[in-house]
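Please look through the model shown below before reading on. The paragraphs that follow take up a few of its local features in turn.

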Amino acid sequence: MNDTPPIASKWNARYAYAKRDQALPEPASVLVTGEAYLPDNGRALDVACGRGANAFYLARKGLSVHAWDISQIAVDSMLEYQRTHLQLTNVIPQVRDVVEHPPEPDAFDVIVVSRFLDRPLCAKLSASLKSGGVLFYQTFTAGLSNRDYLLRPNELPELFADLESCLSYESPLDERGFSEAYFVGRKL
Ligand SMILES: C[S@@+](CC[C@H](N)C(=O)[O-])C[C@H]1O[C@@H](n2cnc3c(N)ncnc32)[C@H](O)[C@@H]1O
């Protein structure tokens, strides 16, 4: 019997298709643009981290990073990347369903989410920030066939109304029909 949840199987198949030696994707624009809001150290969480581009970016900035994804293959590819970049010991990749097992309250100084949306999880992400902690969120507003995964206009500031808004903008449609919203918020 296969106990792998269907969503994990879907993503495992996608990541298995990617070539092993494929370069790591760029970190999310929201992190690069909002870099000034990053603390110099502390605990960070990359939610639904995929191959970990955001986690490794945060680690290089001096944070201790937990990186969670439901896909075993994504996590294996992070472990492989760490084996060839031995200085990146401050990243702990882990297979974890973040919907079933959200982060604990008051646990992280930084949380980053890119290209993943589960609306009921958002309040738990806010709760998981320590006081003064910063959330970096970026995901699609257009371009995906499943509209459930698309943000509505101004939805990120509404989902995180309990955070102080540091940065919020929405990109125009690109030439392939995609657009994204970006939000950086601080817990007071
Ligand atoms: C579009 S990818 C984004 C990956 C990465 N954040 C990035 O920006 O490159 C969405 C990711 O969400 C993960 N995912 C989907 N459902 C999940 C869940 N319930 N818990 C943890 N990860 C999940 C998938 O395995 C996949 O890696």
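A residue is called exposed when its relative accessible area is over 50%, buried when that area is under 20%, and partly exposed in between. The model to which these terms are applied here is a predicted one. By that cut-off D106, with a relative accessible area of 53%, is exposed, and its place is in the loop that runs between β3 (91-95) and β4 (108-114).

A48 belongs to the loop between β1 (43-47) and α3 (53-60), and because its relative accessibility is 19%, under the 20% limit, it counts as buried.

A48 leads on to the ligand, for it is among the residues that come nearest to that molecule: of the 16 residues around the ligand, these are Y15, A48, D69, D97 and S114.

Another buried position is E155, in helix α6 (residues 155-159), which has a relative accessible area of 2%. A polar atom of the E155 side chain lies 2.8 Å from the backbone nitrogen of R152. If neighbours within four places in sequence are left aside, E155 is in contact with R119 and L150.

The cysteines can be considered last. A disulfide is a covalent bond between the sulfur atoms of two cysteines. How many disulfides does a search of the whole structure find? The search finds 0. For C122, the closest cysteine sulfur is that of C166, and because the two sulfur atoms are 17 Å apart, they are too far from each other for a bond; the cut-off for a disulfide is 2.5 Å between the sulfurs. Seen from C166, the closest cysteine sulfur is in turn that of C122. C122 counts as buried at 2% relative accessibility, and C166 is likewise buried, with a relative accessible area of 18%.

Terms used. Residues numbered from 1 in each chain as written. Predicted model: local features only at pLDDT ≥ 70, side-chain atom pairs only at ≥ 80, totals over all residues. Heavy atoms only, no water. Helix = DSSP H or I, 4+ residues; strand = E, 2+ residues; numbered from the N terminus. Buried < 20%, exposed > 50% of the residue type's maximum accessible area, 1.4 Å probe, protein only. Polar contact = N/O pair within 3.5 Å; in protein donor to acceptor, adjacent residues only side chain to side chain. Contact = heavy atoms within 4.5 Å. Near = heavy atom within 4 Å.
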